[in-house]
Amino acid sequence: MVENKTSSPVRPVRGLWLAFNPDTQVDAARFRFAERFGQLPVQVVYAGAVLLVGPVPGSDNDEQDLRWQPKHIGRQNGGISTDS
């Protein structure tokens with residue numbers, strides 16, 4: 001489902017979402033989400049200057065949101081890799 005490509009107000013979202021440039025193709029954003037999290041996003045929402053895809057699995061719990069920390073992303077052998 002894709003919501004709100006106009007300038008009308010956006011309803012609040014819960015959890016963590018991947019954000020993309022609003023010019024990103026919806027299918028490309030969905031593919032990137034699935035590639036990263038192993039499942040398709042529940043929703044795609046245009047929110048002002050961003051395209052939100054999500055929520056990230058398991059991030060809609062308020063307690064978990066407070067504990068969530070991003071993984072360190074570093075460069076290795078000319079490419080990007082994440083540290084575990």
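Modeller: Let's start with S59, which has a relative accessibility of 3% and therefore counts as buried, since the cut-off for buried is under 20%. Please keep in mind that this is a predicted model, and that every value I quote was computed from it. Where does S59 sit in the chain? You will find S59 in the loop that runs between β4 (50–54) and α2 (62–67). And what does its side chain reach? The side chain of S59 comes to 2.8 Å from the backbone nitrogen of L16.

Now let's move to helix α1, which covers residues 26–37. Two phenylalanines, F33 and F37, both belong to this helix and lie four residues apart, about one turn. The model holds one aromatic pair. In that pair, the ring centres of F33 and F37 are 4.9 Å apart and the planes meet at 50 degrees, so the pair is called tilted. Are these two residues buried or exposed? F33 has 0% relative accessibility and counts as buried, whereas F37, at 26%, counts as partly exposed.

Side chains of opposite charge can pair when their charged atoms come close. How many salt bridges does the structure hold? There is one, and it joins R32 to E35, with the closest N and O atoms 3.2 Å apart. Why might these two meet? R32 and E35 are three residues apart in helix α1, so about one helical turn separates them. R32 is partly exposed, because its relative accessibility is 36%. E35 reaches 51% and so counts as exposed, the cut-off being over 50%.

The protein chain has a mean pLDDT of 75, and 60% of its residues reach 70 or more. Where is confidence highest, and where lowest? Strand β2 (residues 18–20) is highest, at 95, while strand β6 (residues 79–82) is lowest, with a mean of 47. Across residues 77–84 the pLDDT falls below 50, and this stretch has 13 contacts in the model beyond near neighbours in sequence.

Methods: Residues numbered from 1 in each chain as written. Predicted model: local features only at pLDDT ≥ 70, side-chain atom pairs only at ≥ 80, totals over all residues. Heavy atoms only, no water. Salt bridge = Lys/Arg side-chain N within 4 Å of Asp/Glu carboxyl O. Buried < 20%, exposed > 50% of the residue type's maximum accessible area, 1.4 Å probe, protein only. pLDDT = per-residue confidence, 0-100. Contact = heavy atoms within 4.5 Å. Polar contact = N/O pair within 3.5 Å; in protein donor to acceptor, adjacent residues only side chain to side chain. Phe/Tyr/Trp six-rings, centres within 6.5 Å; stacked < 30°, edge-to-face > 60°.
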